[in-house]
Amino acid sequence: MKFLKLNTLIFCTLVFLPYSLLMAYEEPNYKVVQKIEIYEIRKYSDRLAVETIDSGSENNFRKLFNYISGRNEDNEKIKMTTPVTQFEKNGKMSMQFYLPSKFNSKNAPKPTKENVSIVNIEGGYYAVIRYSGRASDKNFIKHRDILLKELEKNNIMTSSATIRATYDSPFTLPMNRRNEAMFKIVYK
């Protein structure tokens, strides 16, 4: 049995690792304005995203993936971007896929699902800590708390809920994964 698991792991690594390393997804533009040992402060421009809020009936990721797969008013397939972001909004979990930069509020395909919407994410300053490993709650909370402690130490106020950002597919080895915890901040 161990031999079978090892062979499966080797196969998946050989097949999916090169694929995940070659995938170049568009990311939102930002400028690093300050780099501190543990975190960095980025300035983001406004950007569009497709968003859904957990309704308990269907997986949030699936709803957003269906949208970019062409289940929208224009039946247009949209390239995947990174990161996928999650955060608490009005007591429920929100998930967002950023839209490629070619879209704006006028040409973005309208969602056909009731609880999927196009939203503008206001630009601004964000404090970001980057970490690898699984995108588990435990790993996220650990890094969120490290970031919060450092922000408090540096007298930087947050102005948003914690945002969880994941960049890689589930087939990426945990040690190669890019995850981030971030807060919008008050920065001068």
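The legends below describe close-up views of a predicted model.

Residues are numbered from 1 along each chain as its sequence is written, and side-chain values use heavy atoms, with hydrogens and water left out. In this predicted model, local features need pLDDT of at least 70 and side-chain atom pairs count only at pLDDT 80 or more, while totals for chains, interfaces and linings use all residues.

View 1. Helices (H or I, at least four residues) and strands (E, at least two) are DSSP runs, numbered from the N terminus. Along the sequence they come in the order α-β-β-β-α-β-β-β-β-α-β-β. Of the 188 residues in the protein chain, 40% are buried; buried means under 20% relative accessible area, exposed over 50%, and partly exposed in between (1.4 Å probe, protein chains only). Among contacts (heavy atoms within 4.5 Å) between residues at least 6 apart in sequence, 68% join residues at least 24 apart.

**View 2. Helix α2, residues 60–68, and what covers its buried residues.** N60, K63, L64, N66, Y67 and I68 are buried in this helix. The cover over the buried residues of α2 includes β3 (47–53), β5 (92–98) and β6 (116–121). At the start of α2, a side-chain oxygen of N59 comes to within 2.6 Å of the backbone nitrogen of F61. After α2 comes G70, with a positive phi near 110°.

**View 3. The peptide bond between T82 and P83.** This bond is cis, with omega about 0°. P83 is placed in the loop between α2 and β4 (84–89). Most residues other than glycine have a negative phi, and most peptide bonds are trans.

**View 4. Residue T85 in strand β4.** T85 counts as buried because its relative accessible area is 1%. Leaving aside neighbours within four places in sequence, T85 is in contact with S94, M95, Q96, Y98, I163, R164 and A165. T85 and A49 are 36 residues apart in sequence, and their C-alpha atoms are 9.8 Å apart in space.

**View 5. Residue N90, in the loop between β4 and β5.** Phi of N90 is positive, near 55°, in a residue other than glycine. N90 is classed as exposed because its relative accessibility is 76%.

**View 6. Residue N155, in the loop between α3 (137–153) and β8 (163–166).** N155 is a residue other than glycine, and its phi has a positive value near 55°. With a relative accessible area of 70%, N155 is exposed.

**View 7. The second largest pocket, with a volume of about 300 Å³.** Of the 15 residues that line this pocket, D46, R47, L48, L99 and S101 are the closest to its centre. On a 1 Å grid over the protein atoms alone, a pocket is an open set of points where a 1.4 Å probe fits, with protein on both sides within 12 Å along at least five of seven lines; lining residues have an atom within 4 Å of a point. Grid points are joined across faces, edges and corners, and the volume is the space filled by probe spheres set on the points. By class, the lining has 6 nonpolar, 5 polar and 4 charged residues. Ala, Val, Leu, Ile, Met, Phe, Trp, Tyr, Cys and Pro count as nonpolar, Asp, Glu, Lys and Arg as charged, and the others, Gly among them, as polar.

Key
A polar contact is a pair of N or O atoms within 3.5 Å; within protein, one must be able to donate a hydrogen and the other to accept it, and residues adjacent in sequence count only if both atoms are side-chain atoms.
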